[in-house]
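Dear colleague,

I am passing on the structure we spoke about, and below it you will find my notes on two parts of it. Please read them with the coordinates open beside you.

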Amino acid sequence: MTETTALTQTRMLANGVEIPVLGLGTWFIDDADAAQAVRDAVEIGYRHVDTAQAYGNERGVGEGVRSAAVPREQIFVTTKLAAEVKDHDAAAAAIDESLERMGLDHLDLMLIHSPEPWADFRGGSYDEGNLAAWTALEEAQAAGKIRAIGVSNFREHDLDNLIEHGSVVPQVNQLLAHVGNIPDGLIAYCESHGILVEGYSPVAHGAILGERTVAEVAARYGASVPALCVRYLLQRGLVPLPKTADPEHMRDNAAVDFEISEEDMTALSALRFADYGEDSRFPVFSGK
């Protein structure tokens, strides 16, 4: 009998597609290094890989998936429509470009990367453009190019726009979520609409590694801070996407087969942490 671990567990999306509960994030992994990172992750046991058009490494990720030691159908592959694409025809073309660039005949999940272009992150309203891009994703899903569709960084208003005017409720919303910065209200909203929440930057892009309270809790479980942070999101019902190209870090991020006590979960949830240091220059961290 195969042992159940975080690397073998899955969740069911609203449309019946299974998604592995732990994924490999590839933000900031160079295209030239992405294929080997994916192969290493698959060898370790990962079956879920997350990339984006904006990351500039879809080609490498696709190569890694195609050359991995397991069949393509065993790897859940996600990419994201570039945030500035807010037009139906441009979105439809970009979907096909991702498939061609990755050398894949389908994607398991594709998301709209942001409700606003990064240059206007949390600035204006792009409801019409988001709906146009969403329609292209709906059509690609109906055509069998994408098994599941969703969004990233969408708030309640942005989701309402798609739910009320689109044909398909987003199956996923990928959000910045980590110990000390959990969007509880938005997560509850998503759950009430059957939208699975993925959490990216579970270790706050590394900035949380020096937090004493988190380190003390991790030590009680004989775990590293990254492993504790991943486990915390899992127990919150999220699908964490820790990013790394280092096989040892991949193993450590997956060493989460322990249970955080209710008391420690409460203590971790009470923390407030949103100091991202040098990474605050990125719109998604800046809180603009």
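How many of the 11 residues of helix α8 (residues 225-235) are buried? The model is a predicted one, and in it 10 of the 11 are buried, so that the helix is mostly covered.

At the start of α8, the backbone nitrogen of A227 has a side-chain oxygen of S224 within 3.1 Å, while just after the helix G237 adopts a positive phi of about 90°.

The other part concerns the pair formed by helix α1 (residues 31-44) and helix α2 (residues 58-66), whose axes come within 7 Å of each other and cross at roughly 30°. Because angles under 35 degrees count as roughly parallel, α1 is described as roughly parallel to α2, and the crossing of the two is right-handed. On the α1 side the contact involves D31, A32, A34, A35, V38 and R39, which meet E58, R59, G60, V61, E63, G64 and V65 of α2. Sorted by class, this contact has six nonpolar, two polar and five charged residues.

With best regards

How values were computed
Residues numbered from 1 in each chain as written. Predicted model: local features only at pLDDT ≥ 70, side-chain atom pairs only at ≥ 80, totals over all residues. Heavy atoms only, no water. Axes fitted to C-alpha atoms, helices over the stretch in contact; angles between N-to-C directions. Helix = DSSP H or I, 4+ residues; strand = E, 2+ residues; numbered from the N terminus. Parallel < 35°, antiparallel > 145°, perpendicular 65-115°, else oblique. Left-handed = near helix turned anticlockwise from the far one by under 90°. Contact = heavy atoms within 4.5 Å. Nonpolar A, V, L, I, M, F, W, Y, C, P; charged D, E, K, R; others polar. Buried < 20%, exposed > 50% of the residue type's maximum accessible area, 1.4 Å probe, protein only. Polar contact = N/O pair within 3.5 Å; in protein donor to acceptor, adjacent residues only side chain to side chain.
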